[in-house]
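This report is for a reader new to this structure. Please look through the sequence and the model shown below before reading on.

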Amino acid sequence: VKVTAAVAKATDYAKGERNGHDMAYVEAGTKLGVVDAKAAWYRVDNFLTTDIDAEVYAVQAGLPLAKDLKFAATYFFNETENIEGLMDDGFVLALNYKGAKASKPGSWGLWAKYYDQPAGLAVDPTWEAQEPAFGDKFGWEAWGVGADYALAKNIVAQVKYYDLDADDDNDYETLYAQVNFSF
């Protein structure tokens, strides 16, 4: 069993100030036969710019389907009931094939994900597709695909595409590319 815990103070990205949310989380993971299993608890103070403290729970299972092909499902739920209509459960489904390894030039991978993330389950997420849509009140349904390739030792290129339907009645598409250098 591997246990990870952290506490943090998130920046209020809208104001660029360090007076955002106080956050804490604990995650535990283990292997149950061929299944990778995880459970996590997250606490966020002053959630969605309110005086409400939120607690979000997550459970995840990953299962190999074939050589180099893995399916993972994560289920989230938020027990905070003080903000009507914003708290809900959600999930992420992922399919991963291989994966580029920075230490192995020429290695590569592909992935596809489906997201159902109502507001109340993600606080200032960092993935590339969400920024225009998230704000303080919106969740989303989305799908994304991506590929990565190790160009040379410790250099991995990635390209990602997201099609996001936000709960603010807007749709967003994002094509994102990056090159990561490891030292």
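This is a predicted model: local features need pLDDT of at least 70, side-chain atom pairs count only at pLDDT 80 or more; totals for chains, interfaces and linings use all residues.

## Surface

Of the 183 residues in the protein chain, 33% count as buried.

## Overall fold

The protein chain has ten strands and zero helices. Along the sequence, the pattern reads β-β-β-β-β-β-β-β-β-β. Among contacts between residues at least 6 apart in sequence, 43% join residues at least 24 apart.

## The sheet

The ten strands form an open sheet with antiparallel pairing, in the order β1-β2-β3-β4-β5-β6-β7-β8-β9-β10. At the edges are β1 (2-9) and β10 (171-181), each of which pairs on one side only. From one strand to the next, the twist averages 15°.

In general, strands of a sheet pair through backbone hydrogen bonds, in either a parallel or an antiparallel sense. Within this sheet, β3 (residues 35-44) and β4 (residues 54-66) pair in the antiparallel sense over nine bridges. V44 stands opposite A54 in β4.

## A loop residue

Is S107 buried or exposed? This residue is found in the loop between β6 (89-98) and β7 (108-117). S107 counts as buried because its relative accessibility is 11%, and buried means under 20%.

Leaving aside residues up to four places away in sequence, S107 touches G99, A100, K101, D148, Y149 and A150.

Methods
Residues are numbered from 1 along each chain as its sequence is written. Side-chain values use heavy atoms; hydrogens and water are left out. Two strands pair if DSSP finds at least two bridges between them. Helices (H or I, at least four residues) and strands (E, at least two) are DSSP runs, numbered from the N terminus. Axes are lines fitted to C-alpha atoms, for helices over the stretch in contact, and angles run from 0 to 180 degrees between N-to-C directions. Buried means under 20% relative accessible area, exposed over 50%, partly exposed in between (1.4 Å probe, protein chains only). Contact means heavy atoms within 4.5 Å.
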